Amino acid sequence: QEVVEPICHDIETDLRLHVHSAHLKGAVNVNPTKTGVRDPSWFLKIKPLRLLSSFIHIKSRVEVYLNAAFYDHAAVALHNWKTYNEMKNIAELKYGLSLDAIHLPGQTLEQGVDVLEIMRNIHIFVACYTYNLNTQVFVERPSNARNRKNLNTVNVKHAANSIRTHGIGIMSTTVNFAYQFLAQKFLVFSQFLFDDHIKSRMVKEQRFYKEKKLQADSGYPVERAEKLNKDIRKLGVTDDGFSFLDQFRRLIAEMGNALGFVRMVRLGGLNYCTTACGSLPMTKGFEEAAKTFFLPKAGIDAGLILDKALESQNLSVNETDYFAILTNIFSQELKGNDNIHLRDFFLLVPALTINAADAILQSKEKLHKRGRDAVNATFTDDGFALGIAYILKVLDQDKQFDSLHWFQSARQHFVAERARLEESLDMDSTGSGMNGLQAWSQKLASLSKEEAQNMEMVCLL
């Protein structure tokens, strides 16, 4: 009570301050010149004391106390298991204490959406979630079927928790599921471009592209992209008001969402490996150590295997480029003569970007509404940009698309249109009164949104 218990409490408090120091932000200030420094590690180095017929080993008693405290606290609050696991690692590094693992099953923890379940239903996931490229987060789409005030999200932490529970092998399985999904979507992608109505319009665009020989100062006209978008809409719309180009854009967005899911799982694997390596010893020469202690050949071989495992633990995920694998597989298949109708896809990208900019603008306007009008209200849809970039890479049409100088042309168009409206606004403000001024202001504000949305598409692509 006078020696062992105070030492146990001091060590536990010190470990907690170490773990929570980033969150406390200087709330606990220790001034060694005023309060002094208490270093309990010296007590842990004392050899077992013999008192009459019993031995008292302070280090062992501290280990028993910390093992019980960490397990009890983690059992009460399952979400704090990681905090106590970090405290265990710090205790081993700072005090040399050999503590037990936090023996709690990972399957019982509240870890959000399971990546394994998403993988098995990836076709539903990519259609019901939207991807944010900057924050690596998937956000669920609102729907009438779920009348609730919150939406599910999936991020890198969820992927890392699932990998910790199921093992790092699910990463390769994720790539296999993504490959099967992309193969099905590429089939629909090919059928859309093979349609006679779409093919005839692509022939006109190809003729225009060859005749004009677009340069940087005169890129692909925005008016032509808008006209192509309207022409395809005249072919018909669904009951929900989606044209064929809208459905084609959503197809590309779903393909991009699948790629974003693969990217998120890969980052989750890196996160898991980095956390797991925190418990590894600093030295990795187990083979040399086995030779030094003259262990038999079986012990030396075991040390060699352990060294290789430690070296590949954090590098195995880094060295695997899943995007390159998915790109090379489809690139070889889609470059054949059977898919020659795909060669004009890059000419459809300008109309697709105009269509996507309008769709995102309408979705953002729905965020403030409720009920039936709030369906498909989103603030991000980066899967489209990722899907466009991926398809251009697979079809090897990056240089052809760059030759359109599409984004330079779009930027010049919207800047000129804005300047023209501002000039008209100045002239109208002196003649037509407040009604005309308000009308032009609304139109100018709408154009400003379109320009900002177009710039967003430029940055994403």
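Trainee: Why does His405 count as buried?
Mentor: Set the value against the cut-off. Buried means under 20% relative accessible area, with over 50% called exposed and partly exposed in between (1.4 Å probe, protein chains only). His405 has 19% relative accessibility, so His405 counts as buried. This is a predicted model, where local features need pLDDT of at least 70, side-chain atom pairs count only at pLDDT 80 or more, and totals for chains, interfaces and linings use all residues. Residues are numbered from 1 along each chain as its sequence is written, and side-chain values use heavy atoms, with hydrogens and water left out.

Trainee: Where does His405 lie?
Mentor: His405 is in the loop between α20 (398-402) and α21 (406-431). Those names come from DSSP runs, numbered from the N terminus: helices are H or I with at least four residues, strands are E with at least two. The chain has 22 helices and five strands.

Trainee: What makes the phi of His405 worth a look?
Mentor: The phi of His405 is positive, about 50°, although His405 is not a glycine. Most residues other than glycine have a negative phi. Gln136 also has a positive phi, of about 55°, and is not a glycine either.

Trainee: Is Gln136 buried or exposed?
Mentor: Gln136 is buried, because its relative accessible area is 7%. Gln136 sits in the loop between β3 and β4. That hairpin has four residues between its strands.

Trainee: How do you know that β3 and β4 pair?
Mentor: Count the bridges. Two strands pair if DSSP finds at least two bridges between them. Four bridges join β3 to β4 (residues 137-140), and the two run antiparallel. Thr130 has Val139 in β4 as its bridge partner, and Tyr131 has Phe138.

Trainee: How many bridges link β4 and β5?
Mentor: Two, in the antiparallel sense. Val139 stands opposite Thr153 in β5.

Trainee: What makes both faces of β4 covered?
Mentor: Look at the side chains on each side. Val137 and Val139 are buried on one side, and Phe138 and Glu140 are buried on the other.

Trainee: Why are α12 and α18 called roughly perpendicular?
Mentor: Take the angle. Axes are lines fitted to C-alpha atoms, for helices over the stretch in contact, and angles run from 0 to 180 degrees between N-to-C directions. Helix α12 (residues 222-233) and helix α18 (residues 349-365) cross at roughly 75°, with axes that come within 8 Å. Under 35 degrees is roughly parallel, over 145 roughly antiparallel, 65 to 115 roughly perpendicular, and the rest oblique. Therefore α12 and α18 are roughly perpendicular to each other.

Trainee: Which residues of α12 and α18 meet?
Mentor: Contact means heavy atoms within 4.5 Å. Val222, Ala225, Glu226, Leu228 and Asn229 in α12 meet Pro350, Ala351, Ile354, Asn355 and Asp358 in α18.

Trainee: Why does Asn229 count as buried?
Mentor: Asn229 has 12% relative accessibility, so Asn229 counts as buried. Leaving out residues up to four places away in sequence, Asn229 touches Leu245, Ala351, Ile354, Asn355 and Asp358.

Trainee: What share of the chain counts as buried?
Mentor: Of its 461 residues, 39%.
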